[in-house]
Amino acid sequence: MQPVEALAQELKPGLGWERWLADEFRQPYMHHLAEFLAAEARAGKTLFPSKSQLFNALNSTPLDKVKVVILGQDPYHGAGQAHGLCFSVAPGVPTPPSLTNIFKEIQQDLNIAPPGHGCLQSWAEQGVLLLNAVLTVERGKAGAHQGKGWEVFTDRVIELVNQHRQGVVFLLWGSYAKKKGQIIDRDRHLVLEGPHPSPLSAYRGFFGCQHFSRANQWLLENHQSPIEWALASPQQELLDF
């Protein structure tokens, strides 16, 4: 089996994505990307997330269920952190600083106390597409897989949501996400932009942005159910994971 075929098999069928993304796996850039990932693995390098969680964002949120899109940059590069959802960490892993700040803003905005964990799987299952621009990284080397082809693939994912969904809320935090979201049709979707929630920039306007309540207000106005931003207990997340 060719590396690109093995890669494509990690995308679950029946969720709407494979219908539109099948052509992407035939493109030269995706063949090059798959060969690169296979070569890195053969060289003994540890890549995150695990292969089975590579497309967790797409596999957890069917195309026709997408209500909100949150864009990240690339996966966490520490052991046990990344599991295929941007900003999220696997159950039992300490909450990273940016996610801690996201929880602080949710508390300020919606009076929801920060949870005792950082697993956002329940958001994904409600229709929040937690999409990183780059879907893999080498252990201990942040941004190691940037410019290898993932950005083209995830641009296509954003384009599909833009084209095939109506009334989606896009949360674009930081200059990178804002640039990647330039293709979004502002007449059909709500785009909320702000500083990145990292400790370096959260105080420049991320805190107080009220993106979570504004997203839910938009969804209700567009006859969609709101997102339950409160997370289940760590024990329940572990059972569901």
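By class, how many nonpolar, polar and charged residues does the lining of the largest pocket have?

Analyst: Before the count, some ground rules. This is a predicted model, so to speak a calculation throughout: local features need pLDDT of at least 70 and side-chain atom pairs count only at pLDDT 80 or more, while totals for chains, interfaces and linings use all residues. Residues are numbered from 1 along each chain as its sequence is written, and side-chain values use heavy atoms, with hydrogens and water left out.

Now the count: the lining of the largest pocket has 11 nonpolar, 13 polar and 1 charged residues. In that scheme Ala, Val, Leu, Ile, Met, Phe, Trp, Tyr, Cys and Pro are nonpolar, Asp, Glu, Lys and Arg are charged, and the others, Gly among them, are polar.

The largest pocket has a volume of about 390 Å³. Out of its 25 lining residues, Gln73, Asp74, Phe87, Asn132 and His196 are the closest to the centre. A pocket is an open set of points on a 1 Å grid over the protein atoms alone, with protein on both sides within 12 Å along at least five of seven lines; a cavity is a set where a 1.4 Å probe fits but cannot get out, and lining residues have an atom within 4 Å of a point. Points are joined across faces, edges and corners, and the volume is the space filled by probe spheres set on them.

Strand 2 (68–72) and helix 8 (175–180) each put at least two residues into the lining of the largest pocket. Helix 8 has the largest share, with 3 residues. Helices here are DSSP runs of H or I with at least four residues, strands are runs of E with at least two, and both are numbered from the N terminus.

Lys180 forms a salt bridge with Asp155, with the closest N and O atoms 2.6 Å apart. Asp155 sits in helix 7 (residues 150–164) and Lys180 in helix 8, so this pair ties together parts that are 25 residues apart in sequence. A salt bridge here means a side-chain nitrogen of Lys or Arg within 4 Å of a carboxyl oxygen of Asp or Glu, and the whole structure has 6 of them. Lys180 is buried at 10% relative accessible area, whereas Asp155 is partly exposed at 32%. Buried is under 20%, exposed is over 50% and partly exposed is in between, for a 1.4 Å probe and protein chains only.

Arg156 is buried, at 18%, and Glu159 counts as partly exposed, at 30%.

On to the second largest pocket, with a volume of about 250 Å³. Its lining has 14 residues, and Leu7, Leu37, Leu47, Lys51 and Leu54 lie nearest the centre. Helix 1 (3–8), helix 3 (28–42) and strand 1 (47–48) are the elements that give two or more residues to this lining, with helix 3 giving the most, 4 residues. By class the lining divides into 11 nonpolar, 2 polar and 1 charged.

Some of those names come back around Trp150. Leaving aside neighbours within four places in sequence, Trp150 is in contact (heavy atoms within 4.5 Å) with residues including Leu7, Leu37, Leu54, Phe55 and Leu135. Trp150 is also among the residues with the most contacts inside the largest nonpolar core, alongside Trp17, Trp123 and Phe153, and that core has 71 residues. Such a core is a set of buried Ala, Val, Leu, Ile, Met, Phe, Trp, Tyr and Cys residues joined through side-chain atoms within 4.5 Å.

The search finds 2 cavities of 30 Å³ or more. The largest cavity holds about 90 Å³, and its lining includes Phe153, Leu54, Phe55, Asn132 and Leu135. Helix 4 (56–60) and strand 3 (128–132) each supply at least two residues there, and strand 3 has the largest share, 3 residues. That lining is 10 nonpolar, 2 polar and no charged.

The second largest cavity has a volume of about 40 Å³. Phe103, Ile106, Pro114 and Trp229 are among the residues around it, and its lining has 9 nonpolar, no polar and no charged residues.
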